[in-house]
Amino acid sequence: MIVNAEERGCNARHNLVDVMENLPKKHNFFRTLGTMELNISTCMGCHRGYQELWGNNLILDDAMHSLHYSNPNFTGNCLSCHDIDNDGNYVMWDYNKYTKFMGVSKVSNIQGNSVMTRM
Ligand code: HEC
Ligand code: HEC
């Protein structure tokens, strides 16, 4: 099974502090967080969490789709950002990956031979 995990999710391509500084709507107060690495939860904390305060225009689907698909440097696809759950919903990879990798741990430098026996 190939999931291409390291090439997916916001942090695969972005330093989100820089992203926020360069967005059309300025978010530059985040520079004050220093060198802390931000992740999707930082964005969704407001963009999902403060919806009642700011309204539905905070939902990032249209903004994220158009910002990426209108950029010729974007060479990814839906699965760069999403995972598809068992019900066929487009969920965010950055959240779903934890469920997917439950029980799987990273092992370095595996050596050995692969043998396949035909019965
Ligand atoms: C502290 C709350 C907060 C955080 C955290 C935050 N945002 Fe925002 N964001 C806003 C607000 C408020 C707006 C302006 C909404 C408006 O004026 O319609 C906005 C606007 C945007 C827009 C423009 C939306 C549009 O439809 O034009 C984008 C894109 C965006 N944010 C992306 C991000 C990303 C990516 C992150 C994380 C790296 C992030 N934001 C983190 C509060 C936040
Ligand atoms: C650059 C990242 C990115 C790419 C590429 C992308 N999406 Fe999204 N998509 C998002 C974000 C961010 C949301 C908003 C998620 C949220 O608010 O919880 C979203 C939301 C959605 C939703 C709504 C999900 C829901 O239930 O709210 C659908 C459906 C969707 N995307 C389909 C697609 C399809 C199909 C493609 C490929 C053609 C695609 N997306 C490519 C980032 C992306």
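This is a predicted model: local features need pLDDT of at least 70, side-chain atom pairs count only at pLDDT 80 or more; totals for chains, interfaces and linings use all residues.

1. Mean pLDDT for the protein is 85, with 93% of the residues at 70 or more. Confidence is highest in helix α6, with a mean of 96, and lowest in helix α4 (residues 51–54), with a mean of 72.

2. Secondary structure. The protein contains seven helices and two strands. Along the sequence these elements run in the order α-α-α-α-α-α-β-β-α.

3. Overall dimensions. The radius of gyration of the protein is 18 Å, whereas a compact globule of 119 residues would have a value near 14 Å. Along the principal axes, the C-alpha atoms occupy a box of roughly 65 × 35 × 30 Å. Buried residues account for 8% of the 119 residues. Of the contacts between residues at least 6 apart in sequence, 29% link residues that are at least 24 apart.

4. The shell around ligand 1. Which residues come nearest to this ligand? There are 17 residues around ligand 1, and L16, K25, C43, C46 and A63 are the nearest of them. Helices α2 (16–22) and α3 (40–47) each contribute at least two residues to this shell; the greatest contribution is that of α3, with five residues. Sorted by class, the shell holds 11 nonpolar, five polar and one charged residues.

5. The shell around ligand 2. Here the shell numbers 15 residues, of which D61, M64, C78, C81 and Y90 come nearest to the ligand. At least two residues are supplied by each of α5 (61–69), α6 (78–81) and β2 (90–92). Helix α5 gives the most, with four residues. The composition by class is seven nonpolar, six polar and two charged residues.

6. C43, at ligand 1. This residue belongs to helix α3, the element that gives the most to the shell around ligand 1. Is C43 to be classed as exposed or partly exposed? It counts as partly exposed because it has 19 C-beta neighbours inside 10 Å, and the buried class requires 20 or more. The C-alpha atom of C43 is separated by 9.1 Å from that of L60, and the two residues are 17 apart along the chain.

7. C81, at ligand 2. C81, one of the residues nearest to ligand 2, is placed in helix α6. It is classed as buried because 20 other C-beta atoms lie within 10 Å. When neighbours within four places in sequence are left aside, the contacts of C81 are with M92 and W93.

8. G103 lies in the segment after α7 (93–100). Is this residue buried or exposed? G103 counts as exposed, because it has 5 C-beta neighbours inside 10 Å, and the exposed class covers residues with 12 or fewer.

Notes. Residues are numbered from 1 along each chain as its sequence is written. Chains are lettered from A and ligands numbered from 1 in the order in which they are written. A residue is near a molecule or strand if its C-beta atom, placed from the backbone, lies within 6 Å of it. Ala, Val, Leu, Ile, Met, Phe, Trp, Tyr, Cys and Pro count as nonpolar, Asp, Glu, Lys and Arg as charged, and the others, Gly among them, as polar. Two residues are in contact if their C-beta atoms, placed from the backbone, lie within 7 Å. pLDDT is the predictor's confidence in each residue, from 0 to 100. The radius of gyration is taken over C-alpha atoms; the globule rule is 2.2 Å times the number of residues to the power 0.38.
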